[in-house]
Amino acid sequence: MKAQQNLDIGQVVKRSGLPASTLRFYEERGLIRAVGRHGLRRVFSTGVVDELALITLGRNAGFTLDEIGEMFNAGEGLAIDRTMLRTKADELDHKIKQLTAMRDGLRHAADCGAPSHLECPTFRRFMALASKRNKARPGRTPKK
């Protein structure tokens, strides 16, 4: 049986597509762990590439790094909470509906024949919905 080979940080960067700064950040957060050093370079087990892929998948799905960290069970493998997955899937469904409505509103505004968007009843409904969402989230500061 072939012994598992370790990868230095440069090899992990090439295989994962993530910059070294991200690897160091994930290590500081406890999401991945170096198995040693070769000179000044961190060395990781080959399994880190799969761990990084799982972290990327989680980030793309909208999980926070803290939530992703909860899924890694102290070196004993994954401990994914299926309820958390269902909750995130429901959140994504809600976000998809919001984005779909926004897309449709933008397309309508682009194609609307009204002399002014403010004269378009459909556009005004979209504005009212946006205003209603702002009121539902008090204390939220606008993005700059």
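Reply: Happy to, and one term comes first: a polar contact is a pair of N or O atoms within 3.5 Å, where within protein one atom must be able to donate a hydrogen and the other to accept it, and residues adjacent in sequence count only if both atoms are side-chain atoms. What you have is a predicted model, so local features need pLDDT of at least 70 and side-chain atom pairs count only at pLDDT 80 or more, while totals for chains, interfaces and linings use all residues. Residues are numbered from 1 along each chain as its sequence is written, and side-chain values use heavy atoms, with hydrogens and water left out.

At the start of helix α1, a side-chain oxygen of Asp8 comes to within 2.9 Å of the backbone nitrogen of Gly10. Helices here (H or I, at least four residues) and strands (E, at least two) are DSSP runs numbered from the N terminus. α1 covers residues 9-16 and packs against α2, residues 20-28, at an angle of about 105 degrees, their axes 9 Å apart. Those axes are lines fitted to C-alpha atoms over the stretch in contact, with angles running from 0 to 180 degrees between N-to-C directions. The two helices are therefore roughly perpendicular to each other, a label for angles of 65 to 115 degrees. Ile9, Val12, Val13 and Ser16 make the contact from the α1 side, and Ala20, Leu23 and Arg24 from the α2 side; contact means heavy atoms within 4.5 Å. Just after α1 comes Gly17, with a positive phi of about 80 degrees.

Now follow Arg42, which sits in strand β3. Its side chain makes a polar contact of 2.5 Å with the side chain of Glu27. Leaving aside residues up to four places away in sequence, Arg42 touches Leu7, Asp8, Ile9, Arg24, Glu27, Ala34, Gly36 and Arg37. Asp8, then, is the residue that reaches Gly10 at the start of α1 and also a neighbor of Arg42.

Just after α3, Gly62 has a positive phi of about 100 degrees.

Gly62 is also one of the residues touched by Lys88, the others being Ala61, Phe63 and Glu67, again without counting residues up to four places away in sequence. Lys88 belongs to helix α5, residues 82-111, and is buried at 10% relative accessible area. Its side chain joins that of Glu91 through a polar contact of 3.0 Å. Gly105 and Met127 lie 22 residues apart in sequence, with 9.5 Å between their C-alpha atoms.

Stepping back, the chain has six helices and three strands, in the order β-α-α-β-β-α-α-α-α. Of its 144 residues, 20% are buried. Among contacts between residues at least 6 apart in sequence, 42% join residues at least 24 apart.

Technical notes. Parallel < 35°, antiparallel > 145°, perpendicular 65-115°, else oblique. Buried < 20%, exposed > 50% of the residue type's maximum accessible area, 1.4 Å probe, protein only.
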